[in-house]
Amino acid sequence: MRILIANDDGYLAPGLAALVQACEGLGELDVVAPEQNASGTSNSLTLHRPLSAYTAPNGFRYINGTPSDCVHVALTGWLPQRPDLVVSGINQGANMGDDTLYSGTVAAAMEGYLFGVPAIAFSQVTKGWAHLDAAARTARSIIEQVLASPPAPGPWLLNVNIPNRADADQLPREVTRLGRRHASEPVIRQTNPQGDPIYWIGPPGDARLAGEGTDFHATANGRVSITPLQVDLTDHEAVPAWRQWASRGAGR
């Protein structure tokens with residue numbers, strides 16, 4: 001068993017160290033993470049400059065790129081052999097609902113999935129690293145269970161969100177669907193020392209669709225949320241209506 005571990009908070013993040021420790025004894029571990037915090041970079045790859053790779057004193061490898069860069073480079077030439085599992089995290093803060101589209105944590109796991117490797121993204125619901133040890137125990141338990149009895153054949157992608165609680169590893173687990181958020185809060189406008197306007201992206205909005213069965217609902221009610229993800233963004237239910245629409249405009 002060989003496990004590739006990545007994150008988006010950077011190679012010095014406590015969550016990464018906790019996840020590595022949680023995976024010890026499960027197999028050969030390879031760690032490849034971003035040099036700096038790369039939260040919100042989604043699935044972006046660095047295509048217009050070369051990437052530099054380094055090895056930290058503790059053996060962690062890191063790259064001056066995105067989370068997707070890390071897994072991509074690892075899988076296409078840096079690792080001595082292909083991993084059996086990719087895990088990402090433990091992220092500082094939730095990755096639920098619309099967050100998954102922006103998340104570098106989820107993207108790192110998804111990059112492994114795109115290469116046909118099973119993958120799991122782990123996040124704590126609240127920032128601050130409170131009860132990180134319990135989150136790490138939860139991650140270990142989920143990894144052990146899924147390796148012992150995979151839920152489905154072929155590669156799969158899971159997004160796990162863990163409440164910041166000392167008893168997180170004892171909480172019930174719920175398989176959920178993604179909720180939705182309101183639009184982001186307004187942009188924050190400031191002025192730089194030269195007098196030019198600068199803008200900060202506002203904080204994410206509140207949960208909008210957070211009913212029973214969603215990741216938001218599960219974690220708010222003291223459960224660990226486990227959401228199976230896929231890459232196909234096709235709106236399959238809308239395809240027939242759009243085909244009719246296209247046929248009406250054919251030949252015009």
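**Figure 1. Buried residues of helix α2 in the predicted model.** In this predicted model, helix α2 spans residues 67-78, and its buried residues are Pro67, Ser68, Asp69, Cys70, Val71 and Ala74. The elements that cover these buried residues include the strands β1, β2 and β4 (61-63), together with helix α4. An α-helix has 3.6 residues a turn, so residues three or four places apart point the same way.

**Figure 2. Residues annotated as a binding site.** An unreviewed UniProt entry assigns the feature "binding site" to Asp8, Asp9, Ser39 and Asn91. These positions are spread over 84 residues of sequence, yet they cluster in space, with a largest C-alpha distance of 9.1 Å. Asp8, Asp9, Ser39 and Asn91 are included in the lining of the largest pocket.

**Figure 3. Surroundings of aspartate 9.** Aspartate 9 is located in the loop between β1 (2-6) and α1 (14-23). Its relative accessible area is 13%, and the residue is therefore classed as buried. Beyond its neighbours within four places in sequence, aspartate 9 is in contact with Asn37, Ser39, Ile90, Asn91, Gln92 and Trp129. With one of these residues, serine 39, the aspartate 9 side chain forms a side-chain polar contact of 3.4 Å.

**Figure 4. Surroundings of serine 39.** The loop between β2 (28-34) and β3 (53-55) holds serine 39. Serine 39 counts as partly exposed because its relative accessibility is 41%. When residues up to four places away in sequence are not counted, serine 39 touches Asp8 and Asp9. The polar contact with aspartate 9 involves the side chains of both residues.

**Figure 5. The largest pocket.** The largest pocket contains about 850 Å³ of space. It is lined by 27 residues, and those closest to its centre are Gly40, Asn95, Asp99, Tyr102 and Pro204. Helices α3 (99-102) and α4 (104-114) each contribute at least two residues to the lining of this pocket. Sorted by class, the lining comprises 14 polar, 7 nonpolar and 6 charged residues.

**Figure 6. The second largest pocket.** About 350 Å³ of space is found in the second largest pocket. Of its 14 lining residues, Leu101, Leu178, Gln230, Asp232 and Leu233 lie nearest the centre. Two or more lining residues come from each of α3, α4 and β13 (224-229). The lining of the second largest pocket consists of 8 nonpolar, 5 polar and 1 charged residue.

**Figure 7. The cis peptide bond at glycine 89 and isoleucine 90.** Most residues other than glycine have a negative phi, and most peptide bonds are trans. The bond joining glycine 89 and isoleucine 90 is cis, with omega of about -10 degrees. Isoleucine 90 belongs to strand β5, which covers residues 85-91. Ile90 is also one of the residues in contact with aspartate 9.

Figure 8. Tryptophan 129 is a residue other than glycine with a positive phi, near 70 degrees. Its place is in the loop between β6 (119-124) and α5 (132-148). Because its relative accessibility is 19%, tryptophan 129 counts as buried. Trp129 is among the contacts of aspartate 9. Histidine 131, likewise not a glycine, has a positive phi of about 55 degrees. Histidine 131 lies in the loop between β6 and α5. A relative accessibility of 36% means that histidine 131 counts as partly exposed.

Technical notes:
Residues numbered from 1 in each chain as written. Predicted model: local features only at pLDDT ≥ 70, side-chain atom pairs only at ≥ 80, totals over all residues. Heavy atoms only, no water. UniProt positions renumbered as here; feature names shortened; annotations may be inferred. 1 Å grid on protein atoms, 1.4 Å probe; cavity = no way out; pocket = protein on both sides within 12 Å on 5 of 7 lines; lining within 4 Å. Helix = DSSP H or I, 4+ residues; strand = E, 2+ residues; numbered from the N terminus. Buried < 20%, exposed > 50% of the residue type's maximum accessible area, 1.4 Å probe, protein only. Contact = heavy atoms within 4.5 Å. Polar contact = N/O pair within 3.5 Å; in protein donor to acceptor, adjacent residues only side chain to side chain. Points joined across faces, edges and corners; volume = space filled by probe spheres on them. Nonpolar A, V, L, I, M, F, W, Y, C, P; charged D, E, K, R; others polar.
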